[in-house]
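Visitor: I've got a structure up on my screen and would like a quick tour. Can you walk me through it?

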Amino acid sequence: MRTILKNGESALRARGLRLTGPRKVILEVLRGTESHPTAEWVHRMVRRRLSRVSLGTVYRNLRLLVAEGLAAEIPGPHARFDANLAAHHHFTCLRCGCILDVDGPLAEPHAAALRGRVAARTGLFGRCPRCRSSRSRRAPARRAP
């Protein structure tokens, strides 16, 4: 379940932030996806509506949204952003790198218990469903007689 405030304008105003066009669109783009986009992806989507927005503007506003508690940043080699502010884990596919939300408490006593819950709820254990199904469609390697 995604916990996201519906009205971006009221969320920005409630925190005393100016309601600029780019800021509003950046928040709308981020809230409009269940993926965990990079700043570059957000920039491409924002430019469809506001063609003159720079990548620097997107980065600054994403960092501001994170600082104000309107978004979260997922650390990694390429920072990704998340508008889902409910307590949840992130599952990262080892093959393609996609990130999926997994509901659950943030404090887990045992990693094995978490892996079991993730596998039971989503069928994931290291690879996302798309990567798992593409692997099963490949022809098995032939053995020499």
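Predicted model: local features only at pLDDT ≥ 70, side-chain atom pairs only at ≥ 80, totals over all residues.

Visitor: Okay, how many helices and strands does the protein chain have?
Guide: The secondary structure of the protein chain comes to six helices and four strands. In sequence order the pattern is α-α-α-α-β-β-β-β-α-α.

Visitor: And what share of the residues is buried?
Guide: Of the 145 residues in the protein chain, 32% are buried. As for contacts with a separation of 6 or more, 49% of them are between residues 24 or more positions apart.

Visitor: Let's do packing. At what angle do helix 2 and helix 3 pack?
Guide: Helix 2 and helix 3 pack at about 115°, and their axes are 10 Å apart. The crossing is right-handed.

Visitor: Which residues meet there?
Guide: From helix 2 you have V25, I26 and V29, and they meet W41, V42, M45 and V46 of helix 3. By type, that contact has seven nonpolar residues, no polar and no charged.

Visitor: What about helix 3 and helix 4, how do they pack?
Guide: Helix 3 covers residues 39-47 and helix 4 covers residues 55-67; they pack at an angle of about 115° with their axes 9 Å apart. This crossing is right-handed. A39, E40, V42 and H43 of helix 3 make the contact with L55, V58, Y59 and L62 of helix 4. Here the residues split into six nonpolar, one polar and one charged.

Visitor: Switching to the core. How many residues are in the largest nonpolar core?
Guide: The largest nonpolar core has 20 residues, and those with the most contacts inside it are I26, V46, V58, L62, L65 and L70. Helix 1, helix 2, helix 3 and helix 4 each supply at least two residues of this core.

Visitor: Which helix gives the most to this core?
Guide: That's helix 2, with five residues.

Visitor: Now the loops. Is T38 buried or exposed?
Guide: T38 counts as buried, because its relative accessibility is 16% and the cut-off for buried is under 20%. You'll find T38 in the loop between helix 2 and helix 3.

Visitor: What is T38 in contact with?
Guide: Leaving aside neighbours within four places in sequence, T38 is in contact with H78, A79 and R80. A polar atom of the T38 side chain also lies 3.2 Å from the backbone nitrogen of W41.

Visitor: And S35, where is that?
Guide: S35 is found in the loop between helix 2 and helix 3. At 35% relative accessibility, S35 counts as partly exposed. The side chains of S35 and T33 are joined by a polar contact of 2.8 Å. The C-alpha atoms of S35 and F81 are separated by 8.8 Å, with the two residues 46 apart along the chain.

Visitor: Last one: where does N84 lie?
Guide: N84 lies in the loop between strand 2 and strand 3. N84 is buried, with a relative accessible area of 3%. A polar atom of the N84 side chain is 3.0 Å from the backbone nitrogen of A86.

How values were computed. Residues numbered from 1 in each chain as written. Heavy atoms only, no water. Axes fitted to C-alpha atoms, helices over the stretch in contact; angles between N-to-C directions. Left-handed = near helix turned anticlockwise from the far one by under 90°. Contact = heavy atoms within 4.5 Å. Nonpolar A, V, L, I, M, F, W, Y, C, P; charged D, E, K, R; others polar. Buried < 20%, exposed > 50% of the residue type's maximum accessible area, 1.4 Å probe, protein only. Polar contact = N/O pair within 3.5 Å; in protein donor to acceptor, adjacent residues only side chain to side chain. Core = buried A, V, L, I, M, F, W, Y, C linked by side-chain atoms within 4.5 Å.
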